[in-house]
Amino acid sequence: MDTPFALHTTGLSKHFGEVKAVDDLTLEARRGEIFGMVGPDGAGKTTTMRMLCAVMLPTSGSAEVAGVDVVAEPAEVKRRTGYLSQQFSQYPDLTVWENIALAADLYGVPRAQWHERADELLRASRMREFRARLAQNLSGGMKQKLALTCALIHSPEVLFLDEPTTGVDPVSRREFWAILYRLPAEGVTVVVSTPYMDEAERCTRLAFLREGRVLDCATPQELKAKVQGEVLSLDVAPLRPARDLLRQEPTVRQVALFGDRLHAVVGSAARDLPALRSALQHAGIEVRTVDLAAPTLEDVFIDLTQAEPRL
Ligand SMILES: Nc1ncnc2c1ncn2[C@@H]1O[C@H](COP(=O)(O)OP(=O)(O)OP(=O)(O)O)[C@@H](O)[C@H]1O
Ligand SMILES: [Mg+2]
C-alpha cells in the first residue's frame, strides 16, 4: 500500500531500565523530505533511528517506515531502508570496492545490478579512482562517502544517517550534502541527525529532541520565527566574563558564544540594551559594537534546550 509518509511513529518509546532514551515520540516525515533530527547528547536520536531501521525493538508504541510496520515486518523494513550508523562500520582492511561488494551481498543485491549501481554511486561522489584503496587509508570525508555508497547499494526508499559528517572537514561536509540533496529526486527520503546548525538549516523539516521527547518539529524558517524577542549580536572583550555577566541579567533570556561574538536574546533591544551596555562597561568590559541579528537555528537550539530545567 502506498503512503505519502516515509515514516510515521505513534507513542514510540525505548526504555533502558530507568532511562527513557525515547519517550512517547510521535513524528512523521513525508516522502522526498530531508528530515533533520537535532538535539543535545543523549537526546535519543540514535535510539530513534535504530528503531526506525528495525535493528532495535521499541519498548512500546509503533512505527511505520515506507509503509511497513517495524515490529511486525523488520526484515522488510531493513530491505527498504539504508542506515549509516554513528560509528564507522566499514571494514578497514578491505578495499572500497570489497566493502561495497559485502554490503551488496548482505542485502542480496544481484551482481549484475550492484556493479552498475556501485559504479554510478562512486562516480557521483567522485570516488571511482579510489576503488582499490583500503578503507583504512581513506580520508574522513571519503570514509563517509564509502559508508553512504554502502547504505545506498540496495536502493532503499528511506535513508537514515546518524551524524554522518561529525568530525569531517567543512569542504567534505559540503560535498557530502551535495550528494544528499540529489537523493530526493531519486525517490529517497533522507533522515539525518547532525550537531551542525548549518546542516540543520538545509533540512526541509527538523525535529528537536531532548530527553527522548520532541520539543518541536517544523521547517527551519518556522522554528526561527518562533524565537521570542530580539537577538543582540555583541562584539565585546573579554568574551567569557561578558557572557557570564549577561547570564545574570534578568532581561537576558539566553546568551551564547557565536564565534567571536555573543548572542543575547532580550525582550526588546530598544528597552533593554542601554542598561546592559552600562552593566558591561561598569564591569570593565569593552563594548565595541552591538547589532541586531536575525535569529539563527543555533538560537532556536539554545532556546529549546534551555527552556525548562533538566529533570
Ligand atoms: N544500549 C543502551 N543501554 C543503556 N542506555 C542506553 C543504550 N543506548 C542508549 N542509552 C541511553 O539512552 C539515551 C539516549 O541515547 P542516544 O544514543 O539515543 O542519544 P543521541 O541523541 O544519539 O546522543 P549523541 O548525540 O550523543 O549521539 C542516553 O541517555 C543513553 O545513555
Ligand atoms: Mg547518537
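Which residue in S4 is the bridge partner of Leu7? In S4, Leu7 is bridged to Val65, and that pair is a handy way into this predicted model.

Residues are numbered from 1 along each chain as its sequence is written, while chains are lettered from A and ligands numbered from 1 in the order in which they are written. Because the model is predicted, local features need pLDDT of at least 70 and side-chain atom pairs count only at pLDDT 80 or more, whereas totals for chains, interfaces and linings use all residues; side-chain values use heavy atoms, leaving out hydrogens and water.

**Strand pairs**

Helices (H or I, at least four residues) and strands (E, at least two) are DSSP runs, numbered from the N terminus. Two strands pair if DSSP finds at least two bridges between them.

| Strands | Bridges | Facing residues |
|---|---|---|
| S1 (5-16) and S2 (19-30) | eight | Thr9 and Leu27 |
| S1 and S4 (60-65) | five | Leu7 and Val65 |
| S11 (230-237) and S13 (261-266) | five | Val231 and Val265 |

S1 and S2 make a hairpin with two residues between them, and Gly17 in the turn has a positive phi of about 60°.

**The four-stranded sheet**

S11 and S13 also belong to an open, antiparallel sheet of four strands, ordered S12-S13-S11-S14. Strands S12 (252-258) and S14 (286-293) stand at its edges with a single partner strand each, so one side of each has no neighbour in the sheet. On average, neighbouring strands here are turned by 25° against each other, direction ignored.

Helix H9 (residues 239-248) touches S11, S12 and S13, and its direction makes about 165° with that of S12. Helix H10 (residues 269-282) touches S11, S12, S13 and S14, its direction making about 20° with that of S11. Axes are lines fitted to C-alpha atoms, for helices over the stretch in contact, and angles run from 0 to 180 degrees between N-to-C directions.

Thr46 sits in helix H1 (residues 45-52) and Gln86 in the loop between strand S6 (81-84) and helix H3 (96-106), so the pair ties together parts 40 residues apart in sequence.

Thr46 is buried at 16% relative accessible area, whereas Gln86 is partly exposed at 36%. Buried means under 20% relative accessible area, exposed over 50%, and partly exposed in between (1.4 Å probe, protein chains only).

Terms used:
Contact means heavy atoms within 4.5 Å.
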